[in-house]
Amino acid sequence: MKPVILINFKTYESGAGHRALEIAKIADRVAKEKGVNIILAVQAADIRMISDAVSIPVYAQHIDPIEPGSHTGWTLAEDVKEAGVEGTLINHSEHRMEIDQIEKAIDIAKEEGMKTVACAPDAEVAEAISVFEPDFIAVEPPELIAGNISVSEARPQLITKTIEMVRKMNSNIPVLVGAGVKKSADVSKALELGASGVLLSSGVMKSKDPEKEMLELIEGLKR
Ligand code: G3P
């Protein structure tokens with residue numbers, strides 16, 4: 001599998017509405033021109049507009065562990081699927097869930113034919129979540145998110161320990177890593193340590209030149 005760069009638009013100003021669409025189109029072009037695997041995690045309100053405009057995979061940032069029915073203000077897997085997503089993040093550090101909710105959300109996503117990136121703050125939670133057989137596990141130490149020191153630089157052992165523990169549970173689940181990833185060296189180091197890709201946000205979403213940042217990051221895929 002080609003290494004993955006998952007760009008999480010979060011709720012940055014640049015990650016909403018027409019500005020999100022512009023960044024999505026840049027990522028789509030860069031992915032095609034450079035032959036790299038970029039996935040976009042966008043806000044629910046922007047899914048249809050963005051998935052209609054790009055050919056790279058669009059993911060939801062979250063789905064709730066609910067079936068259709070009397071729920072208000074929640075995100076239904078069936079709805080974001082119909083809007084065009086290929087998958088979803090689950091249990092991101094910024095939208096934490098209980099373990100039983102994580103399991104239910106993964107099961108619901110699978111029923112909808114959606115890929116799942118199950119997020120964990122550490123190796124132990126990653127190991128526990130791997131039992132539910134998500135398509136990807138993503139480990140992100142919360143204290144490094146949105147900072148300028150990357151998980152590859154500050155916590156290489158976390159990467160190797162997570163991969164080791166997940167592999168013991170289920171050798172088929174690729175592990176992505178995130179938090180503070182902004183340089184090509186952060187990407188190449190993560191891959192050297194055995195990761196199957198990276199999750200990132202602020203390096204692109206807060207950049208004055210998102211395309212330049214994307215090109216810098218994908219340099220790390222080549223080393
Ligand atoms: O989902 C990835 C995100 O949490 C990482 O954020 O800003 O450290 O790249 P950032």
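Is Glu133 buried, exposed or partly exposed? Glu133 is partly exposed, with a relative accessible area of 46%. Here buried means under 20% relative accessible area, exposed means over 50%, and partly exposed is in between, using a 1.4 Å probe and protein chains only.

Before I go on, a word on the model. It is predicted, so local features need pLDDT of at least 70 and side-chain atom pairs count only at pLDDT 80 or more, while totals for chains, interfaces and linings use all residues. Residues are numbered from 1 along each chain as its sequence is written, and side-chain values use heavy atoms, with hydrogens and water left out.

Now the whole chain. The protein chain has ten helices and eight strands. These are DSSP runs, numbered from the N terminus: helices are H or I with at least four residues, strands are E with at least two. The radius of gyration is 16 Å, close to the 17 Å that the globule rule gives for 223 residues, so the chain is as compact as a globular protein of that length. That radius is taken over C-alpha atoms, and the rule is 2.2 Å times the number of residues to the power 0.38. Along the principal axes, the C-alpha atoms fill a box of roughly 50 × 40 × 30 Å. Of the 223 residues, 55% count as buried. Take the contacts with a separation of 6 or more: residues 24 or more positions apart account for 68% of them. Contact means heavy atoms within 4.5 Å.

Next, helix packing. Two packed helices are described by the angle between their axes and the distance between the axes. Axes are lines fitted to C-alpha atoms, for helices over the stretch in contact, and angles run from 0 to 180 degrees between N-to-C directions.

First pair: α8, residues 184–192, and α10, residues 210–222. They pack at an angle of about 30°, with their axes 7 Å apart. That makes α8 roughly parallel to α10. The cut-offs are under 35 degrees for roughly parallel, over 145 for roughly antiparallel, 65 to 115 for roughly perpendicular, and oblique for the rest. The crossing of α8 past α10 is right-handed. Right-handed means the near helix is turned clockwise from the far one by less than a right angle, and left-handed means anticlockwise.

Which residues of α8 meet α10? They are Ser184, Val187, Ser188 and Leu191. On the α10 side they meet Glu216, Leu217, Glu219, Gly220 and Leu221. By class, that contact has four nonpolar, three polar and two charged residues. Ala, Val, Leu, Ile, Met, Phe, Trp, Tyr, Cys and Pro count as nonpolar, Asp, Glu, Lys and Arg as charged, and the others, Gly among them, as polar.

Stay with α8. Its buried residues are Ser184, Asp186, Val187, Ser188 and Ala190. Those buried residues pack against α6 (151–154), α7, β7, β8 (197–200) and α10. After α8 comes Gly194, with a positive phi near 110°.

From α5, the contact uses Ala123, Glu124, Ala126, Glu127 and Ser130. From α7, it uses Leu158, Lys161, Thr162, Met165, Val166 and Met169. By class, that is six nonpolar, two polar and three charged residues.

Now the loops. Most residues other than glycine have a negative phi. Back to Glu133: it sits in the loop between α5 (123–130) and β6 (136–139). Its phi is near 55°, a positive value in a residue other than glycine. Ala179 is not a glycine either, and has a positive phi of about 110°. Ala179 lies in the loop between β7 (175–178) and α8. At 4% relative accessibility, Ala179 counts as buried.

Met97 is in the loop between β4 (87–90) and α4 (99–111). It counts as buried, at 11% relative accessibility. What does Met97 touch, not counting residues up to four places away in sequence? The list is His62, Ile63, Pro65, Ile90, Asn91, Ile102 and Ala105. Asp64 is 33 residues from Met97 along the chain, and their C-alpha atoms are separated by 9.1 Å.

Last one: Arg155, in the loop between α6 and α7. Arg155 is partly exposed, at 29% relative accessible area. Leaving aside neighbours within four places in sequence, Arg155 is in contact with Pro141, Glu143, Leu144 and Ser150.
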